[in-house]
Amino acid sequence: MSLLNTGVTAIATAQLGLATTQHNIANANTAGYSRQSIMQATNIAMVTGAGSIGQGVHVSTIVRSYSAVLQSQVNSAQSKSSELDTYYGMISRIDNLLADSSSGMSPVLAGFFQGVQDVATNPSLVSARQSMVSSAQALVTRFQTLENRLSQLYEETNTQVKDTVGLINTYSSQIANLNEKIVALSTTGNTPNDLLDQRDQMVLELNKLVRVSTVQDSQGAYNVFAGNGQQLVVGNQVVPLEVRPSASDPERYVVAQQGSAAELPDSYLDGGSLGGFLSFRTEALDQAANALGQMAASLALTVNAQQALGQDLLGNVSGDAAFVSEFFKIGSPKSVENSMNTGTGGVASFEFQDPQVSSSGNYYTQITTSDYEVRFAAGGSFEITRVNDGAVVATGTEGTAVNFDGLTLDFSAGHAAGDTYLLQPTREIARNITVNQEISGDVRKIAAAAPIRTAAATGNVGTATITAGSVVGSPYQIPALSLEYVAGTNSLRGFAPGTTVNVDGTNYAIAAATDEIPYTSGATITIDNFAFSISGTPAGGDRFLVEANTGGTADARNIVKIGALQTAQTMNGDGTKGVSTFQVSYAQLVSDIGTKTKTALVNGTAQATVLEQAVAARDAVSGVNLDEEAANLIKYQQAYQAAARMMDTVSKLFDTLLSIGA
């Protein structure tokens, strides 16, 4: 009987070996499956007077070939790979949009300034003016089209974030359920290998969505944490996430713990496709939308500023009821009040500042591509922080306007400490820019001419000449002047009483028409925001005339200055005067996005290799080798057959003993 029992244990062990091998073969292509094998142990021997006699074999446990370190490396590599793949998939769409030679901004921007040049060549030709308006309308349509595409990407990102968080909650629930089953089975002394594999696979799937880490508790359950420590699973309990509009920006979806008022910063949820979507929105989409708006705002403001200094084909100038001072319309910069504010105050006004004039005489703006955060303290005081670099750009108190980065902001009273605002000055400008309907309806209102003209009197005998003159600011007033050169004192007189004459930075107050100012050849003379200069050697009594440009239909001096904006240093994104032109600024945007796209592609390719290597290392330990399993089949089959043969031998011996007894 002892021999028979030993044979039975051998058959049972071989049978479990065959079953385990078959299980491995059946799951060779099952995702997350770890190869299993039986652990054999000798049964307790029977002690006799002749010594210990073996009692066969048993299977102590079935173990899976598993390395927590290698699995962790796969999870980490998978999380980063999914993030880069998602990031590249999204940013490449912006890259293709902006860099396209036909659908980008460069061709329509060049087309607009070509239209300006056509008017400069033939300022009295209505058809040339109509062509300029048409090119301007094509320009604003392109701004609107690109902004619309970027807005669609914002909406798509919101949807993707919402869907991804839904999947995260689903996997978290599955892990919690597996935790409960694993703990229950583990308490009976059994190791639920297949459930452990399923749980590890769920963790891997989670890492495709967001970077997670796990901590195993004393009962064998996984506690799962996302990103920088946000709880997802604790034992068999799920801590679900939710997606909702941000309190500071309702158009932007953010992630929060369900039931919590606090929003999770994007940086807390890195890795996986969720991290890819969030980093894409912050690093690329915001940059593209703000840069496009910055260009639209700077273009409109500088062109409008120069338009306001001109004279249209009908003879209208600034101050006339029929004069149109804005070629483009862009609306006001955007501000968003935080929905959690408790005060009663609000934004009283938020406007773009008028462009400034550079040393070269061209307009430039100080608008940046950054958003801003306004935070109130007690007493209605506030601080404005530039989001791009964290710099505090202004402080103030409600009721008093503050100026910063080309913007002017004022708040009404009633704010509570802790109230905040998000300022997005350029975010929607490309969407809202249009050609002024008054100009598109009557192209004669393009202010191509300058409102001032000058001349040297026909009777002059000296060699001095006077420049054509120009308006350098607004408001301005152009009186009729007849300036006389006084040889004895080397001076000019004939200025209007009550005015201030500036000569190369030096001011002279004019009390009477006989007051004189020193004459300096080539000096710039500025009066009431119009300027001219006289050069050469005048003779005593020579006169120089300054007057309104009445009937100046063939004059193109102002439209030439608008055209000069194409190559002028008009963009001022970093706080220094004139850092780039419109074309250079757009090219820089395309270059930045292109560089990020290329970097994402290269990093993604490298990370895919890292992931492949990590998976190979894990599979070398945990994967099913069909050749090895085929060998195991033969081994356990032969063991089974040997045990059966032994039992057959025991049976024959038993029959022999019975026959002897008979």
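**View 1. D405 sits in the loop between β19 (402-404) and β20 (407-411).** Strands are DSSP runs of E with at least two residues, and helices are DSSP runs of H or I with at least four, numbered from the N terminus. D405 is not a glycine, yet its phi is positive, at about 45 degrees. The model is predicted: local features need pLDDT of at least 70, side-chain atom pairs count only at pLDDT 80 or more, and totals for chains, interfaces and linings use all residues. Residues are numbered from 1 along each chain as its sequence is written, and side-chain values use heavy atoms, with hydrogens and water left out.

**View 2. S474 and P475 are joined by a cis peptide bond.** Omega is about 0 degrees. P475 belongs to the loop between β25 (470-471) and β26 (481-486).

**View 3. The largest pocket has a volume of about 730 Å³.** Of its 26 lining residues, R252, D286, D371, V387 and L422 are the closest to the centre. At least two lining residues come from each of α6 (272-307), β16 (372-376) and β21 (420-424). The lining divides into six nonpolar, 11 polar and nine charged residues. Here Ala, Val, Leu, Ile, Met, Phe, Trp, Tyr, Cys and Pro count as nonpolar, Asp, Glu, Lys and Arg as charged, and the others, Gly among them, as polar. On a 1 Å grid over the protein atoms alone, a pocket is an open set of points with protein on both sides within 12 Å along at least five of seven lines; a cavity is a set where a 1.4 Å probe fits but cannot get out; lining residues have an atom within 4 Å of a point. Points are joined across faces, edges and corners, and a volume is the space filled by probe spheres set on them.

**View 4. The largest cavity has a volume of about 50 Å³.** The whole structure holds one cavity of 30 Å³ or more. Its lining consists of L301, Q353, D354, P355, Q356, Y364, T365, Q366, I367 and G406. By class, that is four nonpolar, five polar and one charged.

**View 5. Helices α4 (residues 126-186) and α5 (residues 193-209) cross at roughly 160 degrees.** Their axes come within 9 Å. The angle therefore makes α4 roughly antiparallel to α5. The crossing is left-handed. On the α4 side, the contact includes T164, L167, I168, Y171 and S172. On the α5 side, L195, L196, Q198, R199 and M202 are among the contact residues. The classes are 13 nonpolar, five polar and three charged. Axes are lines fitted to C-alpha atoms, for helices over the stretch in contact, with angles from 0 to 180 degrees between N-to-C directions. Angles under 35 degrees count as roughly parallel, over 145 as roughly antiparallel, 65 to 115 as roughly perpendicular and the rest as oblique. A crossing is left-handed if the near helix is turned anticlockwise from the far one by less than a right angle, and right-handed if clockwise. Contact means heavy atoms within 4.5 Å.

**View 6. Helices α3 (residues 106-121) and α9 (residues 557-564) have axes that come within 9 Å.** They cross at roughly 160 degrees. So α3 is roughly antiparallel to α9. This crossing is left-handed. F113, V116, V119 and A120 of α3 meet I559, V560, I562 and G563 of α9. The contact has seven nonpolar residues, one polar and no charged.

**View 7. Helix α2 (residues 68-99) crosses α4 at roughly 175 degrees.** The two axes come within 11 Å. That angle makes α2 roughly antiparallel to α4. From α2, the contact takes M90, R93, I94, L97 and L98. From α4 come L146, R149, L150, L153, E156 and T157. Seven of the contact residues are nonpolar, one is polar and three are charged.
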